[in-house]
Amino acid sequence: MCRHDEENVYLPRVAVLERVRDEIPDVRSFYWRFADPADDAAFAGFRPGQFAQVSIVGAGEFPASLPPSPTESERFFTIRRVGSCTAAMHELRPGDLFGVRGPYGNGFPMDDYRGKNLVFVAGGIGIIPLRSCIVYAMHNRQHYGRVQVFYGARTPTELMYRSEMAEWCREKGVECHLTVDRADADWKGHVGVVGSLFKQPGIEVAAENSVAFVCGPPVMFRFVIKDLLSMGFSEDRIVSTLERYMKCGVGKCGHCCIGVAYVCVDGPVFTYEQIRKLGEDI
Amino acid sequence: MKARIVAAEDVLSIVDLLRERGHEVVAPFQVHGADTIFDTVNDANRSRIALHIPNPLYPPKRFVLPHIQRLMTIQQTDGKLRFEPVLDGRRLAVFGMRSCDVAGVGHLDRFYLDRDFRDTYYAHVRAGLFIVNFVCSVPGVDIGPDCFCLCTDTGPAARNGFDLQLMDLGGRFMAVAGSPAGEELFSAPIFRKGSPDDVQKRREILSAARQSFLSRTSWFSAAVRAVSTGSVTEETWEEIGNRCLECGGCTFVCPACTCFTVTDRPAGPHRYERVRVWDSCALAGFTRMAGGFNPRKAVHDRRNRRFFRKLSHYFVQRELSVACVGCGRCAAVCHGDIGMPTVVEMIRRGAAKEAAHVPA
């Protein structure tokens, strides 16, 4: 990893909000660019799975994953209103200014996974960091085998990025399977936890030569891991991205340190093998 | 390293030399009752500087990592947003920093400056810091009942990390230069050349001081091994956790603790300042995320965390020392008596009990 000797790593760059898009209730995408285009150099070539620190004036700073793929030109965050900073971000209107620094963290080693089948398993807003990898794989289709996306949410209205998913599925060798915990009147799809999709007729998940990306709430994570292990995925072929309280993003503030790892610099992407050894709840 | 002798009545002149060179000097003072503190030296209090007093509980760490440190101002006016870094231009000198605290600064240096990212603010303050180390030699005064720097190999005389080191030889002090800036002070007329007798005297005092520690052995290596191999039982952690009152005192007096939180506070119309404030892994909110999920709820998990971070082989390798400098402050402030020496002992006993159960 590079050293940043001269620059002040804590200093955000000014970003301009260009437009917003409501994804699902309480979750909104914020499309932005740097006020000074030169600042964008730091973000050129970020890796899927990395994150940024976002500063909202008067509220504070928080870590946010980068849902776009580096192969896309638009920069955006998809943020759920959950605490004081994210609530303040939801108040922003196009033209408003905020701060961004990063990108930070290791990201998913997409190059190492070339030639493999990719299995994405997401629960709720866990789809946000995985979106980056999925789109990256779509844009580098020739390097990857089959791509399967398994995505579950509590209700149909809480499934996001759905129009994009429909587009992904048009590609040969790409499947998206959706499920909800509770259906509504219009829902024709599967009902049940995301792991129950693996056993549905017509769905085949092969562990051989595959990598599974898992991201979602703690309960979902535990059950999906169990399913994947029983299907023959080895612990080092299951990768996830961890979420922790973070203040600095550069391995100094200590909040995200679990076991021997600082999630912000040694992660946030870890294999399940690493996560198990860290010895703390997901 | 060059050494000189300075008469006891001239030793405070070193403070004057530093002030003349543009340093703001902080030094130890005896205040109410048994309390001792570091405070800024001025013309009025200079004569009350006290070297042979118990080491202040509130560590001089704050002179390199301020308890509350301004990082930047955030100003939004006329459709413009500006993040302006705030860099403290003070040149501080700490007069009378004990060897344990010098080792603490060394630990912070390696943590904040030598990793993937360099901490600009720490680097800035550190660059202006001049350290005058004072060697503890008087049992019961300099060397307190909780001191255990012998066990962490950080005292009573620091080997490096200072600009100038002072040791009381009785009626005179030996001054050792640890940096070019320290050596530069020797041009002042208060310093004279020493004799072989002075060196012999230093050796004798140091040897006697080493004998006067109440805890001369500890089982740090055994604790490091147990923590690194994960062989400390859940029972031991629970026992430690049961005694923790979650006050955070241990972390706030620790010269080697590094954690901080960051917060933005109002500083005028359309103006905020971002500050960082010491934080503590003993507090329940330390790992609580927005939305309320807390991966580390149980007290004993947090204690486990603190001692794992300080003792595990992985971090010892990464930072070249255990994150404990043997100052004994955590032992002095802890209401539940789970300061570092006690915990090391509990871990060792727990591990020994465990080993006894392994069938031969």
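Colleague: What is the mean pLDDT of chain A?

Modeller: This is a predicted model. In chain A, 97% of the residues reach a pLDDT of 70 or more. Residues 1–5 of chain A are below 50, and beyond near neighbours in sequence this stretch has seven contacts in the model. The mean pLDDT of chain A is 93.

Colleague: How many residues of chain A and of chain B does the contact take?

Modeller: Counting residue pairs whose C-beta atoms lie within 7 Å, both chains contribute to the contact. The numbers are 36 residues from chain A and 34 residues from chain B.

Colleague: Which strands of chain A each supply at least two residues of the side that touches chain B?

Modeller: By class, that side of chain A has 17 nonpolar, 10 polar and nine charged residues. The strands of chain A that each supply at least two of its residues are β4 (60–65) and β6 (97–104).

Colleague: What separates the centres of domain 1 and domain 2 of chain B?

Modeller: Chain B divides into domain 1 (3–211) and domain 2 (220–258 + 289–355). Taken over C-alpha atoms, the separation of the two centres is 27 Å.

Colleague: Which element gives the largest share of the side of domain 1 of chain B that touches domain 2 of chain B?

Modeller: In this contact, 22 residues of domain 1 of chain B meet 20 residues of domain 2 of chain B. On the domain 1 side, α2 (99–113) and α4 (149–152) of chain B each supply at least two residues. By class that side has 11 nonpolar, seven polar and four charged residues. The largest share, eight residues, comes from α2(B).

Conventions:
Residues are numbered from 1 along each chain as its sequence is written. Chains are lettered from A and ligands numbered from 1 in the order in which they are written. This is a predicted model: local features need pLDDT of at least 70, side-chain atom pairs count only at pLDDT 80 or more; totals for chains, interfaces and linings use all residues. Two residues are in contact if their C-beta atoms, placed from the backbone, lie within 7 Å. Helices (H or I, at least four residues) and strands (E, at least two) are DSSP runs, numbered from the N terminus. Ala, Val, Leu, Ile, Met, Phe, Trp, Tyr, Cys and Pro count as nonpolar, Asp, Glu, Lys and Arg as charged, and the others, Gly among them, as polar. Domain bounds come from an automatic or database domain assignment. pLDDT is the predictor's confidence in each residue, from 0 to 100.
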